[in-house]
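Here are my notes for you to read with the model open beside them. Take the points one by one and find each spot as you go.

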Amino acid sequence: MAEEFVILVDENDNPIGKEEKVKCHLPNGKLHRAFTALLFDDSGRLVLTRRAKEKMLWPGDWDGTFASHPRESETYVSSGERRMPEELGIEGKLDYLHKFEYHVPYKDVGSENEICGTLIGVIDKSTELKEIEGEIDEIKWSSADELLSEIKTKPEIYCPWMLIALELLEKSDKSVLEKHANILSTWMTNEVHEGLQNAIKTHLPEEKWRLVNEKN
């Protein structure tokens with residue numbers, strides 16, 4: 001299999017080169033571009049996926065719906081729409097919410113050092129999602145209250161980037177927030193904010209993650 005390359009970026013998400021994906025996820029990995037996608041049904045339940053045990057980083061932990069890296073010719077949205085059938089066996093449309101920078105180590109194995117675009121999609125609750133071998137080991141639906149209960153007791157089993165993506169929902173593009181207001185309303189309460197902030201702190205300190213300014 002050919003080595004996969006990711007886009008290296010500066011702190012403002014300007015491309016500055018490319019590097020092998022594996023090298024970017026070593027403990028001293030370089031800042032690169034990624035995305036995380038969150039799929040909801042029309043009642044506001046979120047699809048969560050358990051990362052495959054074969055993954056180098058955070059194997060067996062719970063993530064947002066799926067995450068990957070844009071290629072050089074892609075936008076955040078087009079990369080997410082390309083990756084969706086490869087991760088879940090379905091096709092669909094996504095909207096862009098926001099992006100953030102974060103840097104967090106995983107044990108002594110490697111790290112994530114990314115500017116991560118957050119995407120949202122809506123699917124029918126009856127949609128059949130596939131657990132693609134090597135990518136996803138388990139799939140479940142979760143309401144905001146259910147996730148809040150989980151992260152209060154077991155924050156360490158949830159990937160840090162999905163917690164950050166949810167915490168920053170209210171900072172998203174206003175037109176997209178309006179479009180998905182009914183779906184996202186239960187995810188932007190003070191109680192959920194507090195729970196997410198506390199969960200994030202178990203993974204990385206506040207100075208290691210931030211919203212990225214869109215004026216670039």
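Predicted model: local features only at pLDDT ≥ 70, side-chain atom pairs only at ≥ 80, totals over all residues.

1. Val22, Leu26, Met56 and Val109 together make a nonpolar surface patch of about 280 Å². Val109 sits in the loop between strand 7 (95-106) and strand 8 (110-122). This residue counts as partly exposed because its relative accessibility is 34%, which falls between the 20% and 50% cut-offs.

2. Rolling a probe the size of a water molecule over the atoms shows where empty space is left. The largest pocket comes out at about 850 Å³. It is lined by 34 residues, and those closest to its centre are Glu4, Lys21, Lys55, Ser68 and His69.

3. What is that lining made of? Sorted by type, the lining of the largest pocket has 16 charged, 13 nonpolar and five polar residues. Helix 2 (76-88) is among the elements that give at least two residues each, and so are strand 1 (5-9) and helix 1 (21-24). The largest share, four residues, comes from helix 2.

4. Next, a look at the backbone. Most residues other than glycine have a negative phi. Asp13 is not a glycine, yet its phi is positive, at about 70°. Lys107 is another non-glycine with a positive phi, about 50°. Asp13 belongs to the loop between strand 1 and strand 2 (15-20), while Lys107 is in the loop between strand 7 and strand 8.

5. Are those two residues buried or exposed? Asp13 is buried, because its relative accessible area is 6% and the limit is 20%. Lys107 is exposed, because its relative accessibility is 67% and the cut-off is 50%.

6. On to charges. Side chains of opposite charge can pair when their charged atoms come close. The model has 19 salt bridges. One of them joins Glu19 and Lys30, with the closest N and O atoms 3.5 Å apart. Glu19 is in strand 2 and Lys30 is in the loop between helix 1 and strand 3, 11 residues apart.

7. Two other salt bridges reach across the chain. Lys179 pairs with Asp95, with 2.9 Å between the closest N and O atoms. Lys179 is in helix 5 and Asp95 in strand 7, so this pair ties together parts 84 residues apart in sequence. Glu101 pairs with Arg210 at 2.8 Å, linking strand 7 to strand 10 across 109 residues.

8. Finally, trace a network of salt bridges: Lys55, Glu74, Arg82, Arg83, Glu86, Glu87 and Glu135 are linked in it.

Definitions and conventions:
Residues numbered from 1 in each chain as written. Heavy atoms only, no water. Patch = residues over 30% accessible without salt bridge, like charges linked within 9 Å, V, L, I, M, F, W, Y side chains within 5 Å. Areas by Shrake-Rupley, 256 points an atom, 1.4 Å probe, with all protein chains shown as cover. Salt bridge = Lys/Arg side-chain N within 4 Å of Asp/Glu carboxyl O. Buried < 20%, exposed > 50% of the residue type's maximum accessible area, 1.4 Å probe, protein only. 1 Å grid on protein atoms, 1.4 Å probe; cavity = no way out; pocket = protein on both sides within 12 Å on 5 of 7 lines; lining within 4 Å. Points joined across faces, edges and corners; volume = space filled by probe spheres on them. Nonpolar A, V, L, I, M, F, W, Y, C, P; charged D, E, K, R; others polar.
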